[in-house]
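Trainee: I would like to learn how to read a structure that is new to me, one feature after another. Could you take me through it?

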Amino acid sequence: MAKEIVTMHARNMREITGKQRIGKVLYTAGVYLFLLVMAAIVLFPFYWMIISSLKSLDEYRMSTPTFWPKVVMLSNYADAFTTASLGRLFLNTMYVGVVSTILSLVITIITAFAFARLEFKGKETMFAALLATMMIPGELFTITNYSTVTELGWINTYTVLIVPFLVSVFYIYLLRQNFLQIPNELYLAAKVDGTSDFKYLWKVMVPLALPTLISITILKMMGAWNSYIWPRLVANDDAHRMITNGLRNAFTETSGDVNYPVQMAAVALVSAPLFLVFIFLRKYIMSGVSRSGIKG
């Protein structure tokens with residue numbers, strides 16, 4: 001009798017284990033199926049951009065869309081580069097992005113260090129006031145900023161594209177949180193040895209916060225690359241036009257028609273650097289944000 005009970009119990013356990021294994025396999029398959037569907041939904045617009053850039057204008061205008069070009073038009077990319085003067089647009093955008101990123105990093109590092117390590121009257125109140133400005137939509141400053149730069153005579157200059165956005169409260173907050181994770185004993189020991197604040201910042205805090213600084217650099221460059229409204233408002237001449245604005249009307253013909261395949265080719269060329277940055281540097285973005293912590 002006891003043997004039969006043991007055998008029955010073992011059989012029941014095998015059935016339960018088998019059901020659990022099947023349930024786990026079905027759950028895993030469902031998760032991967034969901035992820036594949038979501039990935040297809042997200043990637044389809046990019047796929048459509050690529051195939052559209054390889055079509056002829058007549059095929060693009062067909063009432064029944066084709067999911068692969070009948071004739072691959074690689075010449076669209078050469079036409080896009082020459083028609084929109086992409087070389088000049090790339091140089092303008094890179095210059096603004098590099099200069100604004102370097103200056104913004106300097107301001108962010110110094111400000112974050114002051115709020116993280118230095119002691120001065122009203123520090124917490126000032127930092128709280130800075131954080132409060134993050135609650136205000138940036139669009140509300142557009143009119144006042146435009147009036148200011150007009151009075152200063154900065155319209156259609158590189159200065160108007162760089163200076164107004166050098167300070168980012170979010171980047172300061174992110175780097176300050178990272179600096180706060182560095183033990184204060186290091187700072188006190190450095191002061192005992194006679195190390196200046198600037199030397200301690202450059203030799204100790206900056207290397208330890210390097211992942212966060214890399215993240216800030218990447219995000220700042222991507223922001224400058226994608227900027228559209230402000231450059232179109234204050235610097236839309238040929239000499240200072242940014243790449244996003246240069247693509248807006250560059251492919252409109254005199255008849256008013258738009259050569260969409262060539263425009264799609266230009267968009268693909270402009271998007272390629274951002275794709276490469278995200279693919280090869282995404283781990284630095286994630287590690288920099290995660291290292292910032294929640295200490296406050």
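Predicted model: local features only at pLDDT ≥ 70, side-chain atom pairs only at ≥ 80, totals over all residues.

Trainee: Which residue does E119 form a salt bridge with?

Mentor: The general idea is that side chains of opposite charge can pair when their charged atoms come close. Here E119 pairs with K123, and the closest N and O atoms of the two are 3.5 Å apart.

Trainee: How many salt bridges does a search of the whole structure find?

Mentor: The search finds 3 salt bridges. Another of them joins the side chains of D197 and K191, with 3.1 Å from N to O; D197 is partly exposed, with a relative accessible area of 25%, and K191 is partly exposed as well, at 39%. There is also a salt bridge between D238 and R241, with an N to O distance of 2.7 Å, and in that pair D238 counts as exposed at 58% relative accessibility.

Trainee: Let me turn to a helix: how far apart are the end C-alpha atoms of α10, and what span should its residues have?

Mentor: Helix α10 takes in residues 197-208, and at 1.5 Å a residue these 12 residues should span 16 Å; the end C-alpha atoms are 15 Å apart, which agrees with that expectation.

Trainee: Which residues of α10 are buried, and where do they lie around the axis?

Mentor: The buried residues of α10 are Y200, L201, M205 and V206. Because they cover an arc of only 150° around the axis, they lie on the same side of α10. On the other side of this helix, W202 and K203 are exposed.

Trainee: What do the buried residues of α10 pack against?

Mentor: They pack against four helices, namely α4 (86-116), α8 (169-180), α9 (184-192) and α11 (210-226).

Trainee: How should I read the backbone angle phi, and what is the phi of N156?

Mentor: Most residues other than glycine have a negative phi. N156 is not a glycine, although its phi is positive, at about 60°. This residue lies in the loop between α6 (142-152) and α7 (159-162), and at 33% relative accessibility N156 counts as partly exposed.

Trainee: Finally, which residues form a nonpolar patch on the surface?

Mentor: The patch is formed by Y27, V31, Y32, L33, F34, L35, V37, M38 and I41, which together have about 940 Å² of accessible area. As one of its members, Y27 has its place in helix α1, residues 2-53, and counts as exposed at 61% relative accessibility.

Definitions and conventions: Residues numbered from 1 in each chain as written. Heavy atoms only, no water. Helix = DSSP H or I, 4+ residues; strand = E, 2+ residues; numbered from the N terminus. Expected span 1.5 Å × (residues − 1). Buried < 20%, exposed > 50% of the residue type's maximum accessible area, 1.4 Å probe, protein only. Arc of directions from axis to C-beta. Contact = heavy atoms within 4.5 Å. Patch = residues over 30% accessible without salt bridge, like charges linked within 9 Å, V, L, I, M, F, W, Y side chains within 5 Å. Areas by Shrake-Rupley, 256 points an atom, 1.4 Å probe, with all protein chains shown as cover. Salt bridge = Lys/Arg side-chain N within 4 Å of Asp/Glu carboxyl O.
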